[in-house]
Amino acid sequence: MILPLNLGKDSYDIVIERTALDRIGEYLKLDRKCLILTDSGVPSKYSEAVKRASRDGYIYTIPEGEGSKSFDNYKSILSFMVENAFTRTDCVVAVGGGVCGDLGGFVAASYMRGIDFYNVPTTLLSQLDSSIGGKVAIDLDGVKNIVGAFYQPKKVVIDPNTLKTLDQRQKMAGLCEGIKMAACMNSQLFELIENSTDLESDLDEIIVEGLKIKKAVVEEDPHEKGLRRVLNFGHTIGHAIESNAGLAELLHGECVALGSLPMASDDVRARLENVYKKYNLPTKIDTDSDVLMSYIKRDKKAMGDSITVVFVEKIGEFQFIKMKTDEIKKYIDGGILK
Ligand SMILES: NC(=O)c1ccc[n+]([C@@H]2O[C@H](COP(=O)([O-])OP(=O)(O)OC[C@H]3O[C@@H](n4cnc5c(N)ncnc54)[C@H](O)[C@@H]3O)[C@@H](O)[C@H]2O)c1
Ligand SMILES: [Zn+2]
């Protein structure tokens, strides 16, 4: 199926189709130089399929992991493109998860002031969330996504068959971003995930419904001036957990799961906890809330001693509320500490 994302002159289609990768040349304009960015953990058959369909494809493989969303890689890729005489009419194709998408998108946004960017996401997180919406970035000096741009892809091609090779833990962490959107904006999707007896066969619907939520949010607020902040549900505490070096072994989605629990009414928290347990996601952590608070106070959204957070009182509905940092600490202490 095709979901159009309507953003005026920056509009594009999102193709969601099993085996789409086998016909990638039908969806993307690849009769030119194509920088195909992938990472060492992504099975190479996916980037090779794009190369086969390209007239002049160059696969560029970075090491897997968040550490690759770096200034060094950004610079090396740009140098590689200069060396190989990429022009303004050539393109970048990201084949991988959010790491390849965020870095590849930023390369495309800045090479010669912007060349065509295609995203072919291969993780559940990137298929239902990060590949659309145009936020592209790299990390710098330990600060996530601190250098970046809003730069929309020209097309996004999602082949859920690529998820067959994805590790179960990565898949469940990606599902968290779907749970996050459903909890705030779509109670039916939440119930589908909550009651699913065969997640594999429900995945296509979960991806499409997740994308529909994000599409509506991005169309309404492409530059995150208001509504789009709803996508940060669970992320204020989540990012603090993620930034805390001692907890670095947790995946992004797992941190979001933990971060969402204190930001919900008792009823909602109980339902979230059940869903997370069902999918082997964490609901408790062993840490010190004072340490987490030191990260939260540095959050971009903090103002003095309070911070605006997304709070879910009832599944499918959300509110933006200003919360005092003391209050956040109380919720953390009472909720997610072991
Ligand atoms: N731009 C946005 O709007 C947005 C939104 C959410 C998250 N993000 C970013 O996304 C990143 C996380 O993305 P992610 O969770 O996709 O992580 P990731 O890109 O690191 O991928 C996770 C792991 O899965 C491997 N992998 C990818 N596809 C595979 C496949 N099909 N089979 C087997 N292994 C595969 C990768 O090699 C990697 O080791 C973070 O940097 C985060 O900041 C961006
Ligand atoms: Zn996230």
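An oxygen atom of ligand 1 sits 2.5 Å from an N or O atom in the side chain of Asp39. That pair counts as a polar contact, meaning two N or O atoms within 3.5 Å. The model shown here is predicted, with local features needing pLDDT of at least 70, side-chain atom pairs counting only at pLDDT 80 or more, and totals for chains, interfaces and linings using all residues. Side-chain values use heavy atoms, without hydrogens or water.

| Residue | Distance to an oxygen atom of ligand 1 |
|---|---|
| Asp39 | 2.5 Å |
| Thr123 | 2.6 Å |
| Lys69 | 2.8 Å |

On its own, ligand 1 has 870 Å² of accessible area, and the protein covers 88% of it; such areas come from the Shrake-Rupley method with a 1.4 Å probe.

**Around the ligand**

The shell holds 24 residues, with Asp39, Glu64, Glu66, Thr123 and Thr165 the closest. A residue belongs to the shell if one of its heavy atoms lies within 4 Å of the ligand. By type, there are six nonpolar, 10 polar and eight charged residues; Asp, Glu, Lys and Arg count as charged, Ala, Val, Leu, Ile, Met, Phe, Trp, Tyr, Cys and Pro as nonpolar, and the others, Gly among them, as polar. At least two shell residues come from each of α4 (98-110), α5 (124-130) and β8 (143-150), and α4 gives the largest share, three residues. Helices (H or I, at least four residues) and strands (E, at least two) are DSSP runs numbered from the N terminus.

**The sheet and its helices**

Seven strands form an open sheet with mixed pairing, in the order β1-β2-β9-β6-β5-β3-β4. Two strands pair if DSSP finds at least two bridges between them. Because β1 (2-5) and β4 (56-62) stand at the edges with a single partner strand each, one side of each has no neighbour in the sheet. Direction ignored, neighbouring strands are turned by 15° against each other on average.

Within this sheet, β5 (residues 91-96) and β6 (residues 116-121) are parallel and share six bridges; Val92 has Phe117 in β6 as its bridge partner. Helix α4 packs on the sheet, touching β3, β4, β5 and β6, and its direction makes about 170° with that of β5. Helix α3 (residues 71-83) lies across β3 (33-39), β4 and β5, at about 160° to β4. Contact means heavy atoms within 4.5 Å, and angles run from 0 to 180 degrees between N-to-C directions of axes fitted to C-alpha atoms, for helices over the stretch in contact.

**A hairpin**

Strand β7 (residues 135-140) runs antiparallel to β8, joined by five bridges. Leu140 is partnered with Val143 in β8. Two residues lie between the strands of this hairpin, where Asp141 takes a positive phi near 50°.

How values were computed: Residues are numbered from 1 along each chain as its sequence is written. Chains are lettered from A and ligands numbered from 1 in the order in which they are written. A polar contact is a pair of N or O atoms within 3.5 Å; within protein, one must be able to donate a hydrogen and the other to accept it, and residues adjacent in sequence count only if both atoms are side-chain atoms.
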